[in-house]
Every structure is written in C-alpha cells, then in structure tokens.
Amino acid sequence: MVAAAEVLADVLETYHSTPPEELGVLVTRVAELAGAADCALFLQDYAQEVLLPLEPGDEHPLPIDASVAGEAFIADEDREEPQGDRVRLWVPMLDGTDRMGVLRATVDPSDAAARWFCRRLAALAALFLVSKGENSDHFFLARRRRPMSLPAEMQWHLLPALTVATPRVAIAGVLEPAYAVGGDAFDYAINGDVAHVAIVDSMGHGLDASEMAAVAIGSYRHSRRQRYGLVDTHRALDGVLSRQFGDDRFATAQLAELHLPTGELRLLNAGHPAPLHVGPDGSSRAVPCSPALPVGLGPDGPPPITTLALEPGDRVLFFSDGVVENRRPEGEPFGEERLREAFARECAAGRTASETVRRLSRSFLELHGGQTRDDATWVLVEWRGPA
C-alpha cells in the first residue's frame, strides 16, 4: 500500500507537465505499475446515452443503459465482470459528485491493493480531466457523438456541473436537445445554509435565445453574489433583459431558495410552469405558485413568493415548457399529467437525483422519437434533511 501511495504521489507530480491529449496514456502507464492491465477512460457523451473512449483507438462506445460500464456509471459504484482468470473492473469517475464517466482496468481477483489503487486513480483522473479541460478542447471533443450547434456550445459553457450533492441537498439538471439546445439554461449554488436554484427559458430559438439566456444567467449570478433576495434578483433580471433586448422580448424563469437546516423552499415564478413535488410516500403534485410576469416585460408590482415546507427525502422538479408542450409524433402534447406520472415512477425506483433526471430525459426522448421541437430542461432538487 505504501508503494501504491508513492506511485500516486509521483503521478501527481508528472500530471502538471502532461499535455491533455496524453492524459489517457499517463493513467494507463500508472495503472500498469499497480498491476492493473487494459486500463482506459470512458466519458459520458453530452446526451448521456453512451460512454465514449477518451482515446478511441479500437475502443467502441458503450451504451449506458446496456453495459456493465453503464451500470457502474448509473449506480456510482464499482462493477466487475469475468475476464479469463482475471476480472475487468469498472470504476466511476466523479468530479465531486458530478458523473464524468468510468475507468476500466483488468486486475487479479485477489489483488485488493490493485482495486484500491484503481479507485484512487479514477478519482485523480476525474480531477485531471477537469483541470486540463480549462486549456484544451481535447476532452470536449471526446464527449461529442455528433456535431454541436453554436447556441448549444454557448449554453454548455454557461452551465454549472450537471450534478451536485451534499449530505443536505442534491441538485441535478438535464437539457435537451443536448447538441442543439438554444434558449434554456439553469444555474445553482450552495452557499452556507442556502441552496439557490434558477431555471430560465428565453423567448425564441437559436443564437438570439442563447444570448438572452447568457445575459439572464449572468444577471442571476451577479444578484446572487450581491446577496440579493428573490424579489431584488427578479427586479434586476427584469431590468437588464428589458434594457438589453427591448420590451418585445422576454424570458420565463423560476427562482428558488432552499433553507437547508429546515427544508423551507421559497419560490418566485416569473411566467414559468409550476414545479412538481414528490414526497417520500410517492405522491406527486404541482406546487401552487402564482406567477409574476416573465422577466423583460417591465415591473408589475411586487412578485408573489410561494413557500413550501419540505420533508426529508422530498423532491421538487423544475422544468421548462418545452417538456410539457412538446408534441409526440402523432401530434399529442406530452402534458403535465404524463410528466407527473413519469416523475413519480422514477422517484419510486430509488435512484440518485442525477440518474432520475437522466432517465426522465431519455424516456421523454424515446416517446418523441428522439426529437424535440423546443428546448426541454429538467432541474431536480432533493432535500435530504438537516444533516
């Protein structure tokens, strides 16, 4: 174990001067020193459909929903499968609690030290990917399964990590169509005892909508960091969109603050669909929140604030109108009732917040033949209790 720790220390030193495109080679070489063979890194694609090899070579994409590697990704836990007289180990790679992909390695079944090493190496690889990604396009390109539009490029670089989780709260989001999203965006932050969440749906499509979403998220972050409350944040957001885009364009939004010690959720709804609430008993219902005008249309008096008292294990799903208004191939809209049933069903399965919204998104796309007529965004907030 001491030798393994020394190897990890050495790789930390080597990492600093390793070019991004050689990170996979570095991880493979280090794994071999610990007795692990056939090591490779696989990253989730932007649509969270498959795990793509960081270094393609002879490797093939692995379906998340139909592979042992996908099982490790879904469960955030190691999985293994027989490989002759050895075992193939699949270890999830996490940036904090945000799922990035999996590490593959083949080890001797009785080599506990090699398993220990591979788990630590997967954690280091995730950190390396995030750090090296700040000055290279290598990892972004590795995650692409198809061409990405300019508005989608802008939106993905606007977003926070898709998932964050602490002992008191979990937040997870998904956007579709992943490679062509335009006007939808979301943001969050956990500051002390408060989790802040926002979802925005800008008017229109394409680059104009993407620009408005970028300004809206920028304004939201600025207000949050100024320690504004919900009403002042809404006022600032309304003003900046009105000044920047005129009074004939707007965005809908949902702003929320969750008090982590008590589970009190405060909502400000600016023309957005009401969120859904699922309790530990599995009951699903809409949260009754009176809407204010969409932001960008000018003030219309103080916006109403809705307060909801959550119980430990409660989940609240925010979503854009592209979810419920998107029409199936035969012309029928998806609708809130179908979404409520799907949300309750996925929550009852007992999966993590990130996997719940991923599966909501995948089932939604399957029902619509893989196509959306508008951006469709989900953001799930789970209060785990005061901790």
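I count as a salt bridge a side-chain nitrogen of Lys or Arg within 4 Å of a carboxyl oxygen of Asp or Glu. The model is a predicted one, in which local features need pLDDT of at least 70 and side-chain atom pairs count only at pLDDT 80 or more, while totals for chains, interfaces and linings use all residues. Residues are numbered from 1 along each chain as its sequence is written, and side-chain values use heavy atoms, with hydrogens and water left out.

**Salt bridges**

I found 28 salt bridges in the structure. I looked up Asp-78 and Arg-119, whose side chains meet in one of them with an N to O distance of 2.5 Å. This pair connects distant parts of the chain, since Asp-78 sits in the loop between α3 and β4 and Arg-119 in helix α4 (residues 112-132), 41 residues apart. Helices (H or I, at least four residues) and strands (E, at least two) are here DSSP runs, numbered from the N terminus. For exposure I call a residue buried under 20% relative accessible area, exposed over 50% and partly exposed in between, with a 1.4 Å probe and protein chains only. Asp-78 is partly exposed at a relative accessible area of 25%, and Arg-119 is partly exposed too, at 36%.

I then turned to Glu-382 and Arg-315, whose side chains form a salt bridge at 2.7 Å, N to O. Glu-382 belongs to strand β18 and Arg-315 to strand β17, and the two are 67 residues apart.

An α-helix has 3.6 residues a turn, so residues three or four places apart point the same way. Arg-340 is buried at 18% relative accessibility, whereas Glu-336 is partly exposed at 31%. I also noted a network of salt bridges that links Asp-65, Arg-99, Glu-346, Arg-351, Glu-355, Arg-358 and Arg-359.

**Sheets**

I read off β18 (residues 376-383) as mostly covered, with eight of its eight residues buried. Ala-376, Trp-378, Leu-380 and Glu-382 point one way from β18, and Thr-377, Val-379, Val-381 and Trp-383 point the other way. β18 pairs antiparallel with β8 over eight bridges, and Leu-175 has Thr-377 in β18 as its bridge partner. Five bridges join β17 (residues 315-319) to β18, again antiparallel, and here Val-316 stands opposite Val-381.

Another open sheet of six strands has the order β3-β2-β1-β6-β5-β4, and its pairing is antiparallel. Its edge strands, β3 (62-63) and β4 (79-83), each pair on one side only. Within this sheet I checked β5 (residues 86-95) against β6 (residues 98-107), which pair in the antiparallel sense over nine bridges, with Arg-104 in β6 as the bridge partner of Trp-90.

I looked separately at β9 (residues 184-191), where six of the eight residues are buried, so this strand is largely enclosed by the rest of the structure. Eight bridges join β9 to the antiparallel β10 (residues 194-202). The two strands form a hairpin with two residues between them, and Gly-192 in the turn has a positive phi of about 60 degrees.

**Cysteines**

How many disulfides does a search of the whole structure find? The search returns zero, a disulfide being a pair of cysteine sulfur atoms within 2.5 Å. For Cys-39, the nearest cysteine sulfur is that of Cys-118, 6.4 Å away, and Cys-39 is buried with a relative accessible area of 8%. For Cys-289, the nearest cysteine sulfur is that of Cys-347, 18 Å away, and Cys-289 is buried at 9% relative accessibility.

How values were computed:
Two strands pair if DSSP finds at least two bridges between them.
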